[in-house]
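Here are a few friendly notes to read with the structure open beside you. Take the points in order and find each residue as you go.

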Amino acid sequence: PAGFVADGLLAACKTNFVTLQEAWDRSDIGSLRAMMTDDVMAQIKSRLAENESHGGGVCNKTDVLRLDAKLLGIEGLTDVYMASVEFSGMIREDASAGPSPFREVWNMTKQRNGAGGWLVAGVQALQ
């Protein structure tokens, strides 16, 4: 996109990663919805409902101990820009457990007309 700054996108993506993780832990549908496409939100709602039915209402607390982000690519589609960002690092999802490495690719979209920010359009776990 015109005026695109990769470092700015990556900094925002890292902030959004932590914010989304915190919203996931709280099952905060409103916060999650503001940062995701409709398709991803439908998947997340389903997973949250599944977690709730199996977790007995116990809140999760994820600590993001290290977070790296790398822009894999960006392209202009018909009505959106799509960026692929690889996240990696260390997280702890259980206070009684040690940290675990993770690697994911997030596809982010932004309207070409400039309205709105980048939304999570897909997530693929690599590790």
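1. Start with Phe87: its bridge partner in strand 3 is Glu104. Strands here are DSSP runs of E with at least two residues, and helices are runs of H or I with at least four, both numbered from the N terminus. This is a predicted model, where local features need pLDDT of at least 70, side-chain atom pairs count only at pLDDT 80 or more, and totals for chains, interfaces and linings use all residues. Residues are numbered from 1 along each chain as its sequence is written, and side-chain values use heavy atoms, leaving out hydrogens and water.

2. Now look at the sheet around that bridge. Strand 2 and strand 3 pair in the antiparallel sense over twelve bridges; two strands pair if DSSP finds at least two bridges between them. They belong to an open sheet of four strands in the order 1-2-3-4, with antiparallel pairing. Its edge strands, strand 1 (63–76) and strand 4 (119–125), each pair on one side only.

3. Next, the rings. Phe17, Phe87, Phe102 and Trp106 are linked by ring pairs into a cluster. Rings of Phe, Tyr and Trp (its six-membered ring) pair if their centres lie within 6.5 Å; planes under 30 degrees apart count as stacked, over 60 as edge-to-face and the rest as tilted. Phe87 and Trp106 are edge-to-face, at 4.8 Å centre to centre and 65° between the planes. This pair joins strand 2 (residues 80–92) to strand 3, with the two residues 19 apart in the chain.

4. Is Phe87 buried or exposed? Phe87 counts as buried because its relative accessibility is 0%. Trp106, at 7%, also counts as buried. Buried means under 20% relative accessible area, exposed over 50%, and partly exposed in between (1.4 Å probe, protein chains only).
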